[in-house]
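Got a model open and want to talk through its rings, helices and strands?

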Amino acid sequence: MLSSHLSGFRKGYNCQSVLLRLFENYNSNLDKGGLSGALLTDLSKAFDSLSYKLIISRLCAYSSNENACTLIANYFINRKQLVNIGDSRIKWLNLNRGAPQSSLMGTFIYNVLSNNLLYLISNLYEIYNYADDNPICVHVKKYKRYCI
């Protein structure tokens, strides 16, 4: 179900495999007299900006098991955060967005939510994904040089 372009946080996929695929496609296109260009993107605060409603609905769409959807919803609903500054504590705050960082669930959720974007973009352009970094590339087969 996950896009083959999705390379972050997956077994058998790593930064090197993404870079090798990008490098090979660039070299192949250049060898054929083509030209390549890229738009380099980094989705900052990617984990912190995920809406719980979106997370729950997307994960439930991938599973037809009602118990799994309930478990996922319970994992996210009523999460709280406490901030300590020195000896001072600020009151507990309710969280309504963001995936828990440094957790397997957080990285899995990010991959599920990125999946549709990668399918959409890969139909139009070449995309190389690793976590929240997504170079979008265009390879032009032949081009004419114009001198001014």
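Author: Ground rules, quickly. This is a predicted model, so local features need pLDDT of at least 70 and side-chain atom pairs count only at pLDDT 80 or more, while totals for chains, interfaces and linings use all residues. Residues are numbered from 1 along each chain as its sequence is written, and side-chain values use heavy atoms, with hydrogens and water left out.

Reader: How many aromatic pairs are there?
Author: The rule takes rings of Phe, Tyr and Trp (its six-membered ring) with centres within 6.5 Å; planes under 30 degrees apart are stacked, over 60 edge-to-face, the rest tilted. By that rule the count is two.

Reader: Which parts does the pair of Tyr52 and Phe76 tie together?
Author: That pair is tilted, at 5.2 Å centre to centre and 45° between the planes. Helices (H or I, at least four residues) and strands (E, at least two) are DSSP runs, numbered from the N terminus. Tyr52 lies in helix 2 (residues 52–62) and Phe76 in helix 3 (residues 66–76), so the pair ties together parts 24 residues apart in sequence: helix 2 and helix 3.

Reader: Is Tyr75 buried, partly exposed or exposed?
Author: Tyr75 and Phe76 make an edge-to-face pair, 5.1 Å centre to centre with 90° between the planes. Buried means under 20% relative accessible area, exposed over 50%, partly exposed in between (1.4 Å probe, protein chains only). Phe76 counts as buried at 0%, whereas Tyr75, at 34% relative accessibility, counts as partly exposed.

Reader: Within what arc do the buried residues of helix 3 fall?
Author: Those residues are Cys69, Ile72, Ala73 and Phe76. The arc is taken from the directions from the helix axis to the C-beta atoms. Seen down the axis of helix 3, its buried residues line one face, because they fall within an arc of 100°.

Reader: And which residues are exposed on the other side of helix 3?
Author: The buried residues of helix 3 have cover that includes helix 2 and helix 4 (104–122). On the other side of helix 3, the exposed ones are Asn67, Leu71 and Asn74.

Reader: Which strands stand at the edges of the sheet?
Author: Two strands pair if DSSP finds at least two bridges between them. The open sheet has three strands in the order 1-5-4, with antiparallel pairing. One side of each edge strand is left without a neighbour in the sheet, because each has a single partner strand: these are strand 1 (35–39) and strand 4 (126–127).

Terms used:
Contact = heavy atoms within 4.5 Å.
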